[in-house]
Every structure is written in C-alpha cells, then in structure tokens.
Amino acid sequence: MTCADITTVKKAVKLAIEKKYPFYAYSLPGTTAVHMALSIESTPHDKPDGHTPGFIMVPFITGDYKQLFIKEELPIYSEKEIRILEKLQSRCIQNMPVPNIVTTYEEYRAGAEKLLETIKQGEIKKAVYSRTSEYKSRAIDAAPQWFDTITRTYPSAFSFLVSVPGITTWMGATPELLLQYADETVRTMALAATKARSESREWSKKEDEEQQIVTRYIKEQFRKAGIEPDISPREEYPAGPVTHLCNKIAAKGETFQKARELLKLMHPTPAVCGEPAEKAAAIITRLEKHDRRYYSGYLGPVKSDGSFSLFVNLRSMELFSERAQLYAGGGYTADSDIRSEWQETGHKITTLLSCIDKKDEYYNR
C-alpha cells in the first residue's frame, strides 16, 4: 500500500473519528511511514479469510470483547480520499465504551502477594500481572497529534491507532512481534525482562529466567506446529526509555497454513500471560481487578497475498472522550519484588506518557 503523508493521515483520522467509521493507522518497525484505511460498509466482526486486506485486533482472552477485523475499503493515499471521506454520511453510534478500573498501589500489592504465594507453592512457574492508570485529557480529540508524535518518537516499534466506534479505540507503540509471515518465512521474538536504559546494572537471575521461559515456550510451539526454529543469540532490545532481553526466531520454507497453525499456538505467550499458560491465565484473570480487554492481545495488518505482521498489544492505551487509560504488566517469578515490579510498570507507562505529557512523574507516584 502506498503511504500518505502524516498531514493527510491526521486529517483522515480526525474525520473518521468525527464521522464514526472504523479505521486503522500503523507504522511498521524501522520506518515512520504510515499506512491507513477505513472500513465503510462491512462489519468489524467479519473473519479474515487470508485474501482480504485489512487489520486484525484480538483480545487477551475472548469474553465480552471479540476479535475484530477492519477491512481495507478506503485506503488513504492523498487529498482525493480526504474529499471522499468528507462526503460520507456520519454514522450514529448509540453505545459508547466505558473506561476501565484504575489500579491503586494497595490493590496491586494485594493481588501480587497472592500471585507470589501461588508461584512459590509451585502451581505455576511464571505469571504476568498488569495494572491500569489514567491520564485525564480529551484523548479522542488529541489522537491525531498523539499518534504523529508516537510514530516519530518510537520508529523501532510498531505504532498503531485503531478504532471501532461503539467498541474501542486503542493507540500504542509496541516493541514485541508476535508473528510475521511473508515470502514463506515466519518470524517472531522471545522478548521479556525490563530495565530502564539509564540503569548500568547487570541483568538479574529473575530477569534471565523470565526471558528463558518465553524462549523455551516459543520453541515448543514451533515444534508442535512441525516447524524447526532458527534461534539467534540473545541480545538487548531497546524500546524507548527501557530495554529488554530478546532472542529473534525464524523459519524458512513454511506454508500459509503452517503459519496460521503456529499463530493459534503462540497466543498468549508467557511474556503476557505465564507458564503454564492456561493455569496462569485463570489465576491472573481472577486476581486482576480490571478486564484486560485488548491489552496483551495482538493486532496488525494482513495482506491479500496471505502475508501478515502481528504484534502483541503492549505499551498501549485505550482512548475515551475525557481520558486515556494506560495498561502495563510485569512478569512474576518466585524471585520477584512487588515494589520493583510496580516501578517497572511505571517505566513502561512512561513510554507513551512521554509522548502525550512531559510530567513523567505523574505515573510514578
């Protein structure tokens, strides 16, 4: 798809929000070029078929929130599409999304203590515990400018803005590739553990173990799908103000059917859920006071040739008329410290906060 310049994209985003049409805009890692398209006639609950271009958005766990597929019906290239969009009739949406619960430190600590007890008793090896925070602002109105800032600030991330009126609107800059398929090659990464880029310390035993759990899990899923993975040496992976441990993983000569089978096996990874996944998901769903909705699910573009680039929905926020709701999580093992994990989620939230407000201490109180 040919990209539009950012001025055109910002105009299109503003009009799509005002007229209440589903749309998506994104920038792939390594570039600030923005792809954008709207869905004009189809329902966002249609299933992708591998031949229709569009954008997938999948929740952490399917419940009240369902998988969304926004078809590419009006791609944005230039002022020509802006004029088409200006002539479209505004849609009437009755039900508007409601903000989530905001997590206090006391609530976070109480849940984390129960989680650590469960891990130490040997029920699970690892679990990712998340929290929410909020920033009071006319977030929906600010979305075009915020998205522009995010794409320029974090060119190494997958930056996205996706909206289905009446259901949800999300924006973020995620560093984590879930699965990519193109030219008969599948690619992913085992990304886990976090420290501030300003820290000069060595990685801890807990962080090392956390990342190894994710690597082992992905390797197992590849082999379950009948794919032998090629795993690169571990490296540090910068993501804005923080850095992670990462192994890049790939396999060549694979079919689209194999890639789809692997995708089903991959989500959710221990990087957003835990190990074993099913038991960890049940425990964190019980302990977290909020519904994750689309946070820690996955999203990304799919093409007409069957290729796709899907990323984990991290470093993201849900937008509402008078606030932005931010989500962040941290991996717990038996060696985790609750206060340190709280501070780590604060660093992650700062990734986006620095783009929308310079008062970084707001979320680190």
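Q: What does the accessible surface of the chain come to, and how much of it belongs to carbon and sulfur atoms?
A: About 15,700 Å², with 48% of that belonging to carbon and sulfur atoms. Accessible areas here come from the Shrake-Rupley method with a 1.4 Å probe, and for residues only the protein chains shown count as cover.

Q: Before we go on, what sort of model is this?
A: A predicted one: local features need pLDDT of at least 70, side-chain atom pairs count only at pLDDT 80 or more, and totals for chains, interfaces and linings use all residues. Residues are numbered from 1 along each chain as its sequence is written, and side-chain values use heavy atoms, with hydrogens and water left out.

Q: Thanks! How many helices and strands are there in the chain?
A: The chain has 8 helices and 18 strands. These are DSSP runs numbered from the N terminus, with helices being H or I of at least four residues and strands E of at least two.

Q: And what share of the residues is buried?
A: Buried residues make up 58% of the 365 in the chain. Buried means under 20% relative accessible area, exposed means over 50%, and partly exposed is in between (1.4 Å probe, protein chains only).

Q: Which residues have the most contacts inside the largest nonpolar core?
A: Leu115, Val162, Phe222 and Tyr332, in a core of 71 residues. Helix α3 gives the most to this core, with 6 residues. Apart from it lies another core of 41 residues, among them Trp146, Met171, Ile349 and Leu353. A nonpolar core is a set of buried Ala, Val, Leu, Ile, Met, Phe, Trp, Tyr and Cys residues joined through side-chain atoms within 4.5 Å.

Q: What does Val162 touch, leaving out residues up to four places away in sequence?
A: Its partners include Phe23, Tyr24, Phe55, Trp170 and Leu299. Contact means heavy atoms within 4.5 Å.

Q: Back to α3. Is Thr118 in that helix buried or exposed?
A: Thr118 lies in α3, residues 105–120, and counts as buried because its relative accessibility is 9%. Not counting residues up to four places away in sequence, Thr118 touches Glu123, Ile124 and Ile283.

Q: New topic: where is Val302?
A: Val302 sits in strand β15, residues 298–302. With 10% relative accessibility, Val302 counts as buried. Among the residues Val302 touches, not counting those up to four places away in sequence, are Thr52, Pro53, Ile56 and Phe308.

Q: What about phi at Asp183 and Arg315?
A: Asp183 has a positive phi, near 55°, and Arg315 has a positive phi of about 45°. Most residues other than glycine have a negative phi.

Q: Are those two buried or exposed?
A: Asp183 is exposed, at a relative accessible area of 77%, in the loop between β9 (177–182) and β10 (185–196). Arg315 counts as buried at 7% relative accessibility, in the loop between β16 (308–312) and β17 (316–319).
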